[in-house]
Amino acid sequence: MDAAVALPITAGPDEVLRTVFGLRGFRGQQEAVISHVMDGGDAIVLMPTGGGKSLCYQLPAMCRPGLGIIVSPLIALMRNQVAAMRQLGVNAAALNSAISAEERGRIWDDLRADRLDLLYVAPERLMIPDFLDFLSGRQVSLIAIDEAHCVSQWGHDFRKEYLMLAELKERFPGVPRVALTATADVQSRAEIRQRLALEGAEMFISSFDRPNIRYNITPKASPMRQLLAFLKTHEGESGIVYCLSRNAVEETAAALNNHGIKALPYHAKLPPNTRAANQDAFLAGEEALVLVATIAFGMGIDKPDVRFVVHMDLPGSLEAFYQETGRAGRDGAPAETLLLYGMQDLMLRKKMITDGEAPEEVKRVELGKMESLLGVCETAGCRRQAILSCFGEILPEPCGNCDSCITPAETWDATTPARKALSAMLRTGQRFGVGHLVDVLLGVETEKTTRFGHDKLPTFGVGKELDKKAWQSLFRQLAARGVVETDHDQYGALVMTQAGRPILRGEEQIHLRRDVKVRVSKRADRAFAAGGDTALFEVLRQERARIAKEQKVPAYVIFHDATLAAIAEAKPSSLAALGEVPGIGRSKLERYGETILAALAQAAA
Ligand code: ADP
Ligand code: ZN
């Protein structure tokens, strides 16, 4: 690992931002958070993924005297953060089980000599009593608790070790504590305050909007074909495809490779070596790669240039959907997401919640979160407005960057067909699934309709005004709205809920969204704006790949795409000019300045 460059001890946040990070100014709430923490205050920082949370603790930790402790749940996350900080010339280290004895020895030497700026550590490691005793005797600049929503038992990232962190308040009196999360969930916010003993902390809430992400949500018809059509518009880019099951992950990855799209699987049952290798290949970003994964792949994926996220199945809640799609476009450049969902998924998800072990009140909350997501799926309006409103944020105008805004969905008066559908359910004893009910409505004679005498029912064949697809869509939307649900005892059988009665009686009208095909954006709309000079951008990309390989770090740790694009545009011919490019601080200029200038000169020759 490279040697760290000593920092001038007296530097303030503005100066460090410029000289060390090579950035020109703060974003959003960063400045407010940093000045609050510099003054010794505790803070809870809620910022969307890609919002720039890291600076909120890195800067005060570097500018206040003493060691900054950063609690982080994942080794992979620590490793990349440490690599990135060291590239900036900051003395950062991570204590975890993955490091060598030699490295551990060096970290301890640095700790004893007060030479370390930032220490990344997992909660269970930090809370070892001897270690806490040791740290209590040193000067600590701040304690940051990253991914703070891990204290929330309602969320899917709960880690019980996080609960121990409340003790830090007593252990380190006077040391500012900063909890950070990208979880927009209102419930988690209250829990973070309470469970981390941050009663007096100031809360900094940023908008959770991710304007560079384009949302597409569409009914699942033939998923593989839909996926391929989407990926066609993302050639040469890296992204994530989420599937619900390990089998689906394996099959989808294999199918993509058969279609000439390089894809790797990732799920909990892969041998640890393979899993790590696949993750590393994806994070390294040396070539376009699709990572097909279960949600086991996710938290702490800080790869900034994930260009797309696809959900082949419905996620468990709106929060999960938002967090998973949020992994796209952290660098702020355009990114796109696609969610395919169908009746089966919807029923399966509801069943997973109702059949789960959780107490009743937890199940109620989970069903509510699931229904928020279904509401977003079925809205005929702007997706972003619908999503943000679930997080208590009002977007005054439709966003213009979601499928609904780009291709407005039509609604239609479905009152009469809905009544026919409900009636077909009731007359068949609420014991059948969608397939059979559609057969009844369309008057299709099958072995089943004959066996149960359903071909004699007055509803048999009353629904010929719609085709099979339209009926399936109608049932899905009725389920999404909670008008019908699946019977707990007979899997797949539909029953009517209380909400169905007024519709059946004709007292309430129902308007549904007409299914439209997603028109995925043309690649040209989204191509990375490399100042027009894509050839030069490519040259720089290769140079970056070479350096990254040499240093054994992911490419983005060396330079972000945006930095390369800025270099390609500025075409600097001196070190001084290169140093003016955003994203190039002192340390990177020293390390790579000459190499980059040489590559530019060669490309120009
Ligand atoms: P988060 O942890 O909130 O997801 P990061 O801290 O990883 O976000 O920052 C996301 C990206 O934004 C990074 O590439 C980072 O370099 C960049 N960034 C953060 N703050 C600024 C800033 N003030 N100016 C320019 N880029 C920034
Ligand atoms: Zn929109």
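Q430 is partly exposed, its relative accessible area being 23%. The model described here is predicted. In this model, Q430 belongs to the loop that joins α18 (415–427) and α19 (434–442).

The backbone of Q430 deserves mention: phi is positive, at about 50°, although the residue is not a glycine. Most residues other than glycine have a negative phi.

## K571 and its loop

A positive phi is also assigned to K571, at about 45°, and this residue is likewise not a glycine. K571 is located in the loop between α26 (561–570) and α27 (575–579).

With a relative accessibility of 45%, K571 counts as partly exposed. The class follows because exposed residues must be over 50%.

## The site of ligand 1

The space that ligand 1 takes up is the largest pocket. Around the ligand there are 15 residues, of which G50, K53, S54, R330 and H560 come nearest. By residue type, the shell around ligand 1 consists of four nonpolar, eight polar and three charged residues. Helix α3 (residues 53–63) gives the most to this shell, contributing three residues.

Several polar contacts of ligand 1 can be described individually. A polar side-chain atom of S54 is 2.5 Å from an oxygen atom of the ligand. On the backbone side, a polar atom of G50 lies 2.6 Å from an oxygen atom of ligand 1. A nitrogen atom of the ligand is 2.9 Å from an N or O atom in the side chain of Q30. On its own, ligand 1 has 570 Å² of accessible area, and the protein covers 78% of it.

## E31 in helix α2

E31 is part of helix α2, which spans residues 30–38. The relative accessibility of E31 is 46%, so the residue counts as partly exposed.

E31 and E250 are 219 residues apart along the chain.

## Summary

Two residues other than glycine have been described with a positive phi, namely Q430 and K571. Q430 lies in the loop between α18 and α19, and K571 in the loop between α26 and α27. Ligand 1 takes up the largest pocket, with contacts that include the side chain of Q30, the backbone of G50 and the side chain of S54.

Definitions and conventions. Residues numbered from 1 in each chain as written. Chains lettered and ligands numbered in written order. Predicted model: local features only at pLDDT ≥ 70, side-chain atom pairs only at ≥ 80, totals over all residues. Heavy atoms only, no water. Near = heavy atom within 4 Å. Polar contact = N/O pair within 3.5 Å; in protein donor to acceptor, adjacent residues only side chain to side chain. Areas by Shrake-Rupley, 256 points an atom, 1.4 Å probe, with all protein chains shown as cover. 1 Å grid on protein atoms, 1.4 Å probe; cavity = no way out; pocket = protein on both sides within 12 Å on 5 of 7 lines; lining within 4 Å. Sits in = over half its atoms within 2 Å of the grid points. Helix = DSSP H or I, 4+ residues; strand = E, 2+ residues; numbered from the N terminus. Nonpolar A, V, L, I, M, F, W, Y, C, P; charged D, E, K, R; others polar. Buried < 20%, exposed > 50% of the residue type's maximum accessible area, 1.4 Å probe, protein only.
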